[in-house]
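Please go through them with the sequence and the coordinates open.

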Amino acid sequence: MLDTALISAFGVKVPGPLLGLGDVLTGPFGVRLEVTRADLSGLSAAGDFLELHTDLVVTAAGTLVVDRVGWKTVRGVVGRFADVTVARSIALRVLRKRSELLAARCAELRDGEVVVGAAIVRDGRLLAQQRSYPESHAGQWELPGGRVESGERPEEALARECVEELGVSVVVGDQVGPDVPLRGELVLRIFAAQLGGGEPEALEHNAVRWLTAAELPGVDWLPADRVLVPALQELLS
């Protein structure tokens, strides 16, 4: 739900490929909304007269997506008439279109290319590394990992990337959190991991550091990694 491809089709201007807390969305007719919630539970954005909410509910059959739209109605008979005949009709059309976009985007990502990341834990702390490039992300933090190459399983790719980026071997465990959409047809998939040998070094990054669960929210993460902070905190608990 944080994937901006699902709202940019409505003429809404967005700051990047994933929405984050505090981001501002602007749209037709002077609409301006600030993101007040952006995590694994869903998304909320509110403005002077309009608010949008998307809740993600895990069920036995999969994840149920619940969209809600609220707005302020102009007082008086004219306002009530416009609310019934115009505003509600527009809201229903938007929600139907959004449902179609969501189904198409899910199908696209289901067959997309996977980027893997390692949630390496030692003594109750999580390993993170600081990017040195590109310039737009230099200084931000991420989990070790990279793209799955042709013929590789995700777990094999993750083990290879940890050798290349950190100079260590790892034992790969279960997936942590859901897949996170990246640009195009890429999805980020994080796995829990433990060190199998060696001491992590920043071979391709500026630095590495070990973080406690309490420190995770205050780190300047890449947008896709930040989405998974609650799941990473749960892993450390």
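1. Strand β1 is joined by three bridges to strand β2, which covers residues 32–39, and the two run antiparallel. Within this pairing, leucine 25 stands opposite leucine 33 of β2. The model is a predicted one, and the remarks that follow should be read as descriptions of that prediction.

2. The pairing of β1 with β2 belongs to an open sheet of five strands, arranged in the order β1-β2-β3-β4-β5 with antiparallel pairing. At the edges stand β1, residues 24–26, and β5, residues 62–71, each of which pairs on one side only. From one strand to the next, the twist averages 25°.

3. Where in this sheet is histidine 53 found? The residue is part of strand β4, which spans residues 50–59. Because its relative accessibility is 18%, and the limit for a buried residue is under 20%, histidine 53 counts as buried. Its side chain makes a polar contact of 2.8 Å with the side chain of serine 44. If neighbours within four places in sequence are left aside, histidine 53 is in contact with Arg37, Leu43, Ser44, Val66, Asp67 and Arg68.

4. Aspartate 123 lies in the loop between β6, residues 113–122, and β7, and its phi is near 55°, a positive value in a residue other than glycine. Is aspartate 123 buried or exposed? Its relative accessible area is 74%, and since exposed residues are those over 50%, aspartate 123 counts as exposed.

5. The other detail concerns the peptide bond between tyrosine 133 and proline 134, which is cis, with omega at about -15°. Proline 134 lies in the loop that runs between β7, residues 125–130, and β8, residues 141–142.

6. What lies over the face of tryptophan 141? Arginine 209 takes that place, at 5.1 Å from the ring centre.

How values were computed:
Residues are numbered from 1 along each chain as its sequence is written. This is a predicted model: local features need pLDDT of at least 70, side-chain atom pairs count only at pLDDT 80 or more; totals for chains, interfaces and linings use all residues. Side-chain values use heavy atoms; hydrogens and water are left out. Two strands pair if DSSP finds at least two bridges between them. Helices (H or I, at least four residues) and strands (E, at least two) are DSSP runs, numbered from the N terminus. Axes are lines fitted to C-alpha atoms, for helices over the stretch in contact, and angles run from 0 to 180 degrees between N-to-C directions. Buried means under 20% relative accessible area, exposed over 50%, partly exposed in between (1.4 Å probe, protein chains only). A polar contact is a pair of N or O atoms within 3.5 Å; within protein, one must be able to donate a hydrogen and the other to accept it, and residues adjacent in sequence count only if both atoms are side-chain atoms. Contact means heavy atoms within 4.5 Å. A charge sits over a ring if NZ of Lys or CZ of Arg is within 6 Å of the ring centre and within 35 degrees of the ring normal.
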